[in-house]
Amino acid sequence: MKVSNKFTMARVISSPILFLIYFIPIWTKAAPGSFLNIASVVLSIPLLAATELTDYFDGHYARLHGEVSDFGKMFDPFADVFLHLSMFTCFVFSGYMPVCFYIPILYREFSQNFLRMVAAKSGTAIAARKGGKVKTVFYVASCFVALVQESLVRTGLVEIPGITDFAMDIFRYIGYGFFGVCVVLAYTSFIDYLKNFGKILKENI
């Protein structure tokens, strides 16, 4: 396997691991401040950060070693979606991401994947465009905003004077704002993809 694809594969492998780390304390009904909850925070934040960094390294090594390929152009965005939808599912469950934001993003990503499959069938590999990359940056930022909120709850830091329910509510609405921007950018970039590759879709229809 090419070095660049190994980094991409790391995102695919890390996705279910992050999902399990997030949910095991919930499934076991661990109390805030318990070992399981603290361990989940200690593990999930650096693991998510390292996983997100692979998105940079796969592109870097693909260009460095001349490994840019049609497969890589499709595998990279697939791994991004695999990771972010896994994390978004966690945050919907915990209430940090409204379902009304999650479902449109889910529809968008499946539609984008369908467009890529149709294009691939016609011999065209659709690589990530600038709009898609900006969208991904906000996906990443939104994940960390939500994960920090959950970390405060799991470690029991919300009980510290000064971190009131009011402050957490403000934090939650900030998170809603990030996810709202994600929806806007998701569809803005999807329209851009349709403008540039919609002809392939029409030809196949």
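Me: Quick one to start: in what kind of crossing does helix 3 pass helix 5, left-handed or right-handed?

Reply: Helix 3 passes helix 5 in a left-handed crossing. A crossing is left-handed when the near helix is turned anticlockwise from the far one by less than a right angle, and right-handed if clockwise. Helices here are DSSP runs (H or I, at least four residues), numbered from the N terminus. Please keep in mind that this is a predicted model, in which local features need pLDDT of at least 70 and side-chain atom pairs count only at pLDDT 80 or more, while totals for chains, interfaces and linings use all residues. Residues are numbered from 1 along each chain as its sequence is written, and side-chain values use heavy atoms, with hydrogens and water left out.

Me: Thanks! At what angle do helix 3 and helix 5 pack, and how many Å apart are their axes?

Reply: Helix 3 (residues 70–94) and helix 5 (residues 130–154) pack at about 35 degrees, and their axes are 10 Å apart. The axes are lines fitted to C-alpha atoms, for helices over the stretch in contact, and angles run from 0 to 180 degrees between N-to-C directions.

Me: And which residues meet there, in helix 3 and helix 5?

Reply: From helix 3 you have Asp80, His84, Met87, Phe88, Phe91 and Ser94, and they meet Thr136, Tyr139, Val140, Cys143, Ala146, Leu147 and Glu150 of helix 5. Contact means heavy atoms within 4.5 Å. The residues of this contact divide into eight nonpolar, three polar and two charged. For those classes, Ala, Val, Leu, Ile, Met, Phe, Trp, Tyr, Cys and Pro count as nonpolar, Asp, Glu, Lys and Arg as charged, and the others, Gly among them, as polar.

Me: What about helix 1 and helix 5, how do their axes cross?

Reply: The axes of helix 1 and helix 5 cross at roughly 35 degrees and come within 13 Å. Helix 1 passes helix 5 in a left-handed crossing. On the helix 1 side, Ile21, Tyr22, Pro25 and Ile26 meet Leu147, Glu150 and Arg154 in helix 5. That contact has five nonpolar, no polar and two charged residues.

Me: Which residues line the largest cavity?

Reply: Its lining is made of Ile21, Tyr22, Ser40, Val41, Ser44, Leu147, Glu150, Ser151 and Arg154. Helix 1 (3–27), helix 2 (35–64) and helix 5 each give two or more residues, and the largest share, four residues, comes from helix 5. By class, the lining has four nonpolar, three polar and two charged residues.

Me: Now the pockets. What volume does the largest pocket have?

Reply: The largest pocket has a volume of about 780 Å³. It is lined by 33 residues, and Asp55, Asp58, Asp76, Ala128 and Lys133 lie nearest its centre. Helix 2 gives the most to this lining, with eight residues. The residues of the lining divide into eleven nonpolar, nine polar and 13 charged.

Me: And which residues line the second largest pocket?

Reply: That lining consists of Met74, Phe75, Pro77, Phe78, Val81, Phe82, Leu85, Glu109, Phe110, Gln112, Asn113 and Arg116. The second largest pocket has about 280 Å³ of space. Helix 3 supplies the largest share of its lining, seven residues. The classes come out as eight nonpolar, two polar and two charged.

Me: Last topic: where is Lys29 found?

Reply: Lys29 is in the loop between helix 1 and helix 2. Its phi is near 55 degrees, a positive value in a residue other than glycine.

Me: Why does Lys29 count as exposed?

Reply: Lys29 counts as exposed because its relative accessibility is 76%. Exposed means over 50% relative accessible area, buried under 20%, and partly exposed in between (1.4 Å probe, protein chains only). Ala39, by contrast, is buried, with a relative accessible area of 19%.

How values were computed
On a 1 Å grid over the protein atoms alone, a cavity is a set of points where a 1.4 Å probe fits but cannot get out, and a pocket is an open set with protein on both sides within 12 Å along at least five of seven lines; lining residues have an atom within 4 Å of a point. Grid points are joined across faces, edges and corners, and a volume is the space filled by probe spheres set on the points.
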